Amino acid sequence: MKLTVKLLDIANRGVLLHSTDARNMRVRDGDRVLVADEATGKTAQAHVDTTGSLIEPGVIGVYRPLNATLAVDEGTVVIVRSAERPASLRHIKKKMDGGRFTKDETIDIVRDIVDDVLSPGEITAYVTASYINGLDMDEVEYLTRATVETGERLHFTRHPIVDKHSIGGVPGNKITLLIAPIIAASGLFIPKTSSRAITGAGGTADLMEVLAPVSFPAIEVQQMTEKVGGAIVWGGATNIAPADDKIITYEYPLRIDARGQMIASVMAKKFAVGADLVVIDIPVGQNTKIATAQEGRKLAREFIDLGERLGMRVECALSYGESLVGHTIGPNLEVREALAVLEGATEPNSLIQKSLSLAGIALEMAGKAGPGQGAQAAADILRSGKALEKMQQIIEIQGGDPNVKAEDIVPGEYGFDVNAPQDGYVIELNNSALVTLARLAGSPYDHGAGLDIHAKKGTRVKKGDPIFTIYAEREWRLERAIEVGRTLMPVLVEGMVLERIPHERWV
């Protein structure tokens with residue numbers, strides 16, 4: 001069928017057909033068509049949406065991503081015919097039924113994700129099938145390699161290349177803002193590609209964006225690293241492991257982080273940047289992703305096993321996950337806290353010690369410190385001011401203000417103190433509830449939104465003392481966070497009541 005093009009600014013690799021034309025072609029919503037421009041010879045496959053009113057019969061609405069391939073002008077006449085469903089859908093259905101992916105099936109799926117052949121609903125089906133039925137280590141390796149092969153890679157002439165990753169689950173985990181400059185200041189290369197928040201209140205990319213732009217192509221990340229020793233960027237802009245960032249997009253609304261996909265996600269990005277030595281932080285504790293040390297050790301073995309398959313040396317650290325790292329949750333608040341440590345602050349101890357321990361492991365792996373001496377070597381770099389100087393260089397080369405100070409970064413203008421209801425000790429701070437409040441306040445999208453924790457677990461408080469402050473950039477968001485906070489009970493001060501189960505949770 002010949003149809004006339006109408007360009008539509010919709011971020012989806014599809015087309016819009018009038019329902020009459022769709023019936024004539026025997027296609028329905030979710031089916032596929034092949035669109036061909038006879039004048040240029042360009043063709044593209046797209047999934048179908050239909051309408052009875054938005055366009056006229058004889059017209060095809062071409063969405064923006066699809067036109068990046070077709071490059072047709074408004075009014076161009078194109079040939080449209082029905083197309084077969086991609087083989088990757090059969091593979092996904094197989095996984096939904098409890099089967100295993102082969103190497104070739106994984107490549108099919110990942111390539112179709114990257115090329116926008118699969119619709120949002122089909123990618124969601126892949127994510128949920130992998131989440132429910134899991135991926136074994138062979139499948140994880142296939143996914144890791146396919147994710148790297150369908151994107152760009154960095155190629156350094158100088159080695160070793162160091163990288164680190166925290167699997168998340170603990171709020172306030174801003175340690176990369178200390179670890180990256182410490183490692184770079186030691187003379188090593190650390191091209192740190194990071195994710196935005198999936199289930200938390202601020203991913204490393206969200207935090208770094210407070211200080212400098214984080215969206216760069218892969219070649220610029222390599223050039224920046226070679227020039228100053230490191231970079232802290234958003235992986236989604238680099239075209240490094242692009243399938244992973246698309247998968248994360250569909251995990252986000254479901255608030256899931258499937259184990260096999262998570263391992264592949266982490267290791268694909270390390271493999272793609274050419275990392276030789278990788279340190280993985282695995283927080284362990286109640287309300288984290290990994291509840292027990294036994295489970296943490298199992299995950300560590302999986303990371304180490306996959307690293308061996310890929311030719312990378314991986315070491316893991318099980319870290320304390322029962323409490324947030326430092327005292328802050330949310331981009332501006334966390335960045336202010338990290339910068340203060342780089343500038344010489346000796347608190348918070350949890351942030352400093354965790355950062356030094358993990359940086360120390362990397363320094364020992366790279367031969368920059370002897371066995372058991374890494375944390376001290378990292379501390380020496382931090383206290384000397386070399387880490388601050390290196391962070392300023394990283395900020396500057398990424399286009400930020402290298403002279404920014406911790407005091408320059410402020411939280412949102414609206415705040416509310418949550419006070420102790422009685423004298424006693426803080427016996428519980430619920431990490432997941434705190435993250436929920438920070439997100440309701442607007443974090444991570446509103447950089448000034450978040451929480452400042454004044455009294456952590458074990459702190460003695462008097463009735464009326466502030467335990468934490470909620471900050472927001474918009475008053476209505478603050479009001480919503482306060483309202484929900486009253487039902488969540490994220491903090492407990494001495495008492496026999498351990499948890500309140502709201503009526504709304506069960507109806």
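Predicted model: local features only at pLDDT ≥ 70, side-chain atom pairs only at ≥ 80, totals over all residues.

User: What describes a pair of aromatic rings, and how many aromatic pairs does a search of the whole structure find?

Analyst: A pair of aromatic rings is described by the distance of the centres and the angle of the planes. Here, a search of the whole structure finds two aromatic pairs. One of them joins Phe-101 and Tyr-126, whose centres are 5.9 Å apart with 40° between the planes, an arrangement that counts as tilted.

User: Which parts of the chain does the pair of Phe-101 and Tyr-126 tie together, and are these two residues buried or exposed?

Analyst: Phe-101 belongs to the loop between helix H3 (87-96) and helix H4 (103-114), while Tyr-126 belongs to helix H5 (residues 120-133), so the pair ties together parts that are 25 residues apart in sequence. Both Phe-101 and Tyr-126 are buried.

User: How is the pair of Phe-156 and Phe-189 to be read, and what is the angle of its planes?

Analyst: The ring centres of Phe-156 and Phe-189 are 5.8 Å apart and the planes meet at 55°; because planes over 60 degrees apart would be needed for edge-to-face and under 30 for stacked, this pair is tilted. The pair links distant parts of the chain, 33 residues apart, with Phe-156 in the loop between helix H6 (137-149) and strand S7 (162-166) and Phe-189 in the loop between helix H7 (176-185) and strand S8 (190-194). Phe-156 is buried at a relative accessible area of 9%, and Phe-189 is buried at 7%.

User: Which residue lies over the face of Phe-189, and which over that of Tyr-425?

Analyst: Arg-158 lies over the face of Phe-189, 4.0 Å from the ring centre, and Arg-460 lies over the face of Tyr-425, 5.3 Å from the ring centre.

How values were computed: Residues numbered from 1 in each chain as written. Heavy atoms only, no water. Phe/Tyr/Trp six-rings, centres within 6.5 Å; stacked < 30°, edge-to-face > 60°. Helix = DSSP H or I, 4+ residues; strand = E, 2+ residues; numbered from the N terminus. Buried < 20%, exposed > 50% of the residue type's maximum accessible area, 1.4 Å probe, protein only. Lys NZ or Arg CZ within 6 Å of the ring centre and 35° of its normal.
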